[in-house]
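Student: I would like to learn how to read a structure like this one. Please take me through it one feature at a time.

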Amino acid sequence: MYFAPDSLGWEALGAGHSAWLSWILSGGLQEFYGGLRWDGWRSEVSVLNGQQGLSFFPPLWSAEARQDLLATRRRAVPMAELLGLSRDSCLQFDGADPGFLGVA
């Protein structure tokens, strides 16, 4: 399962661990994240440490971000903040608690 930041929902990946790992090693992530990458994304994420993620405004799930991802404002934030924001957004939109999103 994968919690998609652009849909704020859990999505089944449809593969066991070994198939998933093989897919990763064969370059599957490039296609999987293709719609969530922009020119210069590597340099932006290379400065993040393991306790940080990128916060987007407008958020990835918004129509504005889907139309022009490069035009979003991005900043590094603690993962705990990012996960909390995703959970709070889910609760506000449809009242569904996404459950355990991880410990940051």
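Student: How many residues does helix H5 have, and what distance does H5 reach from its first C-alpha to its last?

Tutor: A word on the source comes before that. This is a predicted model, in which local features need pLDDT of at least 70, side-chain atom pairs count only at pLDDT 80 or more, and totals for chains, interfaces and linings use all residues. Residues are numbered from 1 along each chain as its sequence is written, and side-chain values use heavy atoms, with hydrogens and water left out. Helices (H or I, at least four residues) and strands (E, at least two) are DSSP runs, numbered from the N terminus. The expected span of a helix is 1.5 Å times one less than its number of residues. H5 covers residues 79–94, which is 16 residues, and reaches 23 Å, close to the 22 Å expected.

Student: Which residues of H5 are buried?

Tutor: Buried means under 20% relative accessible area, exposed means over 50%, and partly exposed is in between (1.4 Å probe, protein chains only). In H5 the buried residues are Leu82, Ser86, Ser89 and Cys90.

Student: Why do the buried residues of H5 line one face of the helix?

Tutor: An α-helix has 3.6 residues a turn, so residues three or four places apart point the same way. In H5 the buried residues fall within an arc of 100 degrees when seen down the axis, so they line one face. The arc is that of the directions from the helix axis to the C-beta atoms.

Student: What do the buried residues of H5 pack against?

Tutor: Contact means heavy atoms within 4.5 Å. The buried residues of H5 pack against strand S1 (2–4), strand S3 (52–57) and strand S4 (73–78). Take Ser89, which lies in H5. Ser89 counts as buried because its relative accessibility is 9%. With neighbours within four places in sequence left aside, Ser89 is in contact with Leu8 and Trp61. Just after H5, Gly95 takes a positive phi of about 75 degrees.

Student: How many salt bridges are there?

Tutor: Side chains of opposite charge can pair when their charged atoms come close. The rule asks for a side-chain nitrogen of Lys or Arg within 4 Å of a carboxyl oxygen of Asp or Glu. By this rule there are three salt bridges. One of them joins Glu44 and Arg74 at 2.9 Å, N to O. That pair links distant parts of the chain, with Glu44 in helix H3 and Arg74 in strand S4, 30 residues apart. Glu44 is partly exposed at 25% relative accessibility, and Arg74 is partly exposed at 21%.

Student: Which side chain meets Arg87 in a salt bridge?

Tutor: Arg87 meets Asp97 at 2.6 Å, N to O. Arg87 lies in H5 and Asp97 in the segment after H5, so the pair ties together parts that are 10 residues apart in sequence. Arg87 is partly exposed at 33%, as is Asp97 at 42%. Arg75 and Glu81 also form a salt bridge, at 3.5 Å, N to O.

Student: How many aromatic pairs does a search of the whole structure find?

Tutor: Rings of Phe, Tyr and Trp (its six-membered ring) pair if their centres lie within 6.5 Å; planes under 30 degrees apart count as stacked, over 60 as edge-to-face and the rest as tilted. The search finds seven pairs. Among them, Trp23 and Phe32 are edge-to-face, 5.6 Å centre to centre with 85 degrees between the planes. Trp38 and Phe56 are also edge-to-face, at 5.5 Å and 85 degrees. Trp38 lies in the loop between helix H2 (28–32) and helix H3 (41–45) and Phe56 in strand S3, so this pair ties together parts that are 18 residues apart in sequence. Both Trp38 and Phe56 are buried.

Student: Which residues make up the largest nonpolar core?

Tutor: A nonpolar core is a set of buried Ala, Val, Leu, Ile, Met, Phe, Trp, Tyr and Cys residues joined through side-chain atoms within 4.5 Å. The largest has eight residues: Tyr2, Ala4, Leu36, Trp38, Leu54, Phe56, Leu60 and Leu69. S1 and S3 each supply at least two residues of this core. Not counting residues up to four places away in sequence, Trp38 touches Glu44, Leu54, Phe56, Leu69, Leu70 and Arg74.
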